[in-house]
Amino acid sequence: MKFSCGLDVVLTILGCSSHFILGFQPVGKSTSPLSRGKSSSLFLAVNNNIVLRPSSPDEDVFDNQKIGGCTVHRYKRDNDLDSETEYVMWYHGRSIELDGDKSLPPLSTGRIGRATSKNGLSWKKDTVGSASEDIEGVAVGLNAESWWGFDTAHTGLGSVLLPMSTPAVMTEGGVYLMYYMGGNFEETPIGDYVDREMPADAKIKGMKMKIGICVSQDGTTWGRVEGDDPSGACLSPYDASDPNMKQFANLRDEAGNLVQLEEELYVGWPEVVPIINEKEAAESGFLMYYSTMTKADKVKALGYAVSKDGFRWEPRGICLRPDAGTMDAAGVARCTVTQNALFNEASQTWEAAPGYTMLYEGVSEEDNKHRIMKAASVDGKIWVKMGVIFDVGEEGAWDSAGVGSPNVLRMDDGSQRMYYTGQGADGSTAIGVAKLSTDSNQWEREQATITFAGL
């Protein structure tokens, strides 16, 4: 549906080792955090914050090998405020069949699915999906209608905006916006992405990722929105030689300053934040943050773009890059950004506060592991790093080899919950949860299941 409007060397390309190789023991479609084939209480103690796993390899579904980054919303409906709180998660996954094409990047991207929950800890996958997609059980699949599209080989989730009347109440009849990335079967040299000499015939498909938009009235059935790029994307990696990007050559920002754009090799994992200025409507709009790699020096960085309507975007360049001698010296990637808020104990509500907070993945040069780090900003454009706020799990834990793709919810009691993707020592991935209590500055893994000592 549309609306008009053998590649081990690439494991370091995207700055996302936590979403690549998978050798995982999944459970069924209504997932349980308990792992099969393990009996020690120690194993349970270090793996009881998992909320979503890949489906079983025996099931012919889109996520039976890998799963990755998610977006979670919790809300009540404005036509029934006495109803129970609902949770919905969108995430991407890859099937064994799709992963059989070793010419694609070994990511967890493939197709996008949906799951629901009553408490945000126990989740049930939607096995029906959208009837308009290329296979059953997916919210957004591969683009089978436009052979020239940017998303014909694999798709991955960025972020989802819901029609909310308040941060906790969803307006009926509104429109959902999903920002996602995709790659097609265009071949590019692997040497473009690594600082080493590569054979001239070493190619990879689907690496020149672009960002697109889907819309929905119910969050289940989605339709693609054609962007301005000939491939249908709304944002493409900046290429000064591309005639379709000539309008960006002398681009100026809101203050009239010339924007300094660096050429990029891909753009992906979009995080979109609405900017609402009730006093000056003209200053309202959207900010998009995305993962990229700069073409000149092959640095994994975060870029950003701006939009007035959420559909047409202008790039503004790199907003966060790695710093030598720190825990993100090998690269920065995948982030979540929230406008600041303070919890009012008297009214038991969250109240807006100045500034923005970013949680992002930092890659260490020492062990090449991904950790979740924090940055702060006054305007959402210039950022000050604040270091690691969530480390990898202990030895033997399901997330001992890397953590990333954070997504944060503010809870009714003043605490915050973070969903994240973790990777084990065997390369397996899953989605877990952590909690930040009202009286703490330290994120702690949140128990998502009951464990029984001695089992």
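## Overall composition

The predicted model contains two helices and 26 strands. Of the 455 residues in the protein, 58% are buried. The accessible surface comes to about 19800 Å², and carbon and sulfur atoms account for 50% of that area.

With a disulfide taken as a pair of cysteine sulfur atoms within 2.5 Å, the count in this protein is zero.

Strand S5, residues 111-117, has six of its seven residues buried, so the strand is largely enclosed by the rest of the structure. On one side of the pairing scheme, strand S4 (residues 86-94) joins S5 in the antiparallel sense over seven bridges, and within this pair tyrosine 87 stands opposite serine 117 of S5.

S5 also runs antiparallel to strand S6 (residues 123-125), to which it is joined by three bridges; here threonine 116 stands opposite lysine 124 in S6. The hairpin of S5 and S6 has five residues between the strands, and in it glycine 120 takes a positive phi near 80°.

Strand S19 (331-344) and strand S20 (349-363) pair in the antiparallel sense, with 12 bridges between them. In this pairing, phenylalanine 343 stands opposite tryptophan 350, a residue of S20. Four residues lie between the strands in the hairpin that S19 and S20 form, and glutamine 348 has a positive phi near 55° there.

From S20 the antiparallel arrangement continues to strand S21 (residues 370-377), with eight bridges joining the two strands. Glutamate 361 stands opposite isoleucine 372 in S21. The hairpin of S20 and S21 has six residues between the strands, and asparagine 368 adopts a positive phi near 60° in it.

## Further positive phi angles

Tryptophan 269 has a phi near 50°, a positive value in a residue other than glycine. Tryptophan 269 is found in strand S15, and its relative accessible area of 7% makes it buried.

Lysine 298 likewise is not a glycine and has a positive phi of about 55°. Its setting is the loop between strand S16 (285-294) and strand S17 (300-307), where lysine 298 is partly exposed, with a relative accessible area of 21%.

## The second largest pocket

The second largest pocket holds about 580 Å³ of space. Its lining is made up of 25 residues, and those lying nearest the centre are Ala341, Thr357, Lys374, Gln416 and Leu436. By class, the lining consists of 12 nonpolar, 10 polar and three charged residues.

Several strands take part in this lining: S19, S20 and strand S23 (402-410) each supply at least two residues. S19 gives the most, with seven residues, and S19 is also the strand that pairs with S20 over 12 bridges.

The largest cavity contains about 160 Å³ of space. At least two lining residues come from each of strand S3 (66-77), strand S7 (154-161), strand S15 (264-275), S19 and S23. The lining residues divide into six nonpolar, seven polar and two charged.

The second largest cavity has about 70 Å³ of space. Among the 13 residues that line this cavity, Asn143, Phe150, Arg224, Glu226 and Gly232 are the closest to its centre. The lining of the second largest cavity has five nonpolar, four polar and four charged residues.

Definitions and conventions. Residues are numbered from 1 along each chain as its sequence is written. This is a predicted model: local features need pLDDT of at least 70, side-chain atom pairs count only at pLDDT 80 or more; totals for chains, interfaces and linings use all residues. Side-chain values use heavy atoms; hydrogens and water are left out. On a 1 Å grid over the protein atoms alone, a cavity is a set of points where a 1.4 Å probe fits but cannot get out, and a pocket is an open set with protein on both sides within 12 Å along at least five of seven lines; lining residues have an atom within 4 Å of a point. Grid points are joined across faces, edges and corners, and a volume is the space filled by probe spheres set on the points. Ala, Val, Leu, Ile, Met, Phe, Trp, Tyr, Cys and Pro count as nonpolar, Asp, Glu, Lys and Arg as charged, and the others, Gly among them, as polar. Two strands pair if DSSP finds at least two bridges between them. Buried means under 20% relative accessible area, exposed over 50%, partly exposed in between (1.4 Å probe, protein chains only). Accessible areas come from the Shrake-Rupley method with a 1.4 Å probe; for residues, only the protein chains shown count as cover.
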